[in-house]
Amino acid sequence: MSTTKVTLRQREYPSGKISLYLDFYPALLNPRTREYSRREYLGIYLMKSPRTAADRKANAVKLKQAQAIRAEREIAIINEQYGFLDKSKGKLDAVEYFYSILNEHDKKWRIVYEHFNYYTKGKCRFEDLDIVCCNGFRDYLSTASRLKSDHLKLSQNSAAGYWSCFRAFLAIAYKEGYIQENLNENLDKLETKETKREYLTSEELQMLYESHCDYPVLKAASLFSCLTGLRLSDILQLQWSHIQDYQQGGKCIRIKTEKTDTEALIPISDQALRLCGEPGEGKIFKGLDRNLVNSRLKPWVKSAGIDKYITFHCFRHTYATLMLAGGADIYTVSKMLTHKNVSTTQIYADLVSEKKKEASEIVKFIEK
């Protein structure tokens, strides 16, 4: 076991800035370069004479960050892990690396990459990824426009989701040794905003079923989503080969969901199966694409006499809400929706509870 002592020290520059660095004693041998290292400058600077409370707080935060890194280095040395001595990975292009791992993740990562590429103007080394840079990207997401619409800002929930994705990227970079400190320990999350989950009542679902739609594939896919809870992204990629015999009888869908990249086995009803049409090969809902959904869904819903703001994703909300209202077990519904945590499904259970409260006021007598 190493007896090297790690001490946090300060060095004052003529400019008045104070640089924080680690002092290793005795010096450490870099296993790759075979050179000894005595100091590691952290790229963290203190103000020499902070005048305001905000300045003093900033100094305290930076000092805490440096102390955390010192503790990490001490543990790494005890475990004989000297990767932090190799600074060569820090010179590599973080933007390029981000792009190289996109195929391993869902489409949201590509959107985050595009925003990060824009924010950094395409140039950012791993050693440039510090708290200041990351918080700057967080602030950017909070006010950024959508990639395909300059006049529309990112919603608060979209920004929060992208920030969470970026932090996942930082976790990978840290694990792979491209950055030397766990930045996520000192980064705050972006809060999400509670949104109303619109859905169709059973009566409105019947109205939609009975209404005419000029695009039969849109109607079939929409009703199919209401009966299965599948996302549009999964319905677009649904193939006849995904429809298989279910062990307990009937049919099921075996698919890897695009959003969560997880294998799912979802039993489907005979009614849902009939919406797929005659069995064949390739895609089930041929001719369905996002442009058709975006341009023709709302006019069809309105023509059905439904006065609500309904998107395709609302059909997933419809499935979850009606299942729970009908008495289905929340854990079963959670599995059917391919939620990773039942707490996500609880949102729909709360919605059902609100409707029960409303229903309790319907039947009453007039007091005299």
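Predicted model: local features only at pLDDT ≥ 70, side-chain atom pairs only at ≥ 80, totals over all residues.
Residues are numbered from 1 along each chain as its sequence is written, and side-chain values use heavy atoms, with hydrogens and water left out.

The chain has a mean pLDDT (the predictor's confidence in each residue, from 0 to 100) of 84, and 87% of its residues reach 70 or more. Among the elements (DSSP runs numbered from the N terminus: helices, H or I, of at least four residues, and strands, E, of at least two), mean pLDDT is highest in helix α7 (residues 216-228), at 94, and lowest in helix α13 (residues 342-359), at 61.

Spaces were located on a 1 Å grid over the protein atoms alone: in a cavity a 1.4 Å probe fits but cannot get out, whereas a pocket is an open set of points with protein on both sides within 12 Å along at least five of seven lines. Lining residues have an atom within 4 Å of a point. A volume is the space filled by probe spheres set on the points, which are joined across faces, edges and corners.

The second largest pocket has a volume of about 690 Å³. Its lining comprises 28 residues, of which Leu-42, Gly-43, Glu-127, Asp-130 and Glu-181 are the closest to the centre. Two or more lining residues come from each of β3 (36-47), α1 (53-78) and α4 (131-143).

One cavity of 30 Å³ or more is present. The residues lining the largest cavity include Gln-65, Glu-72, Glu-181 and Asn-186.
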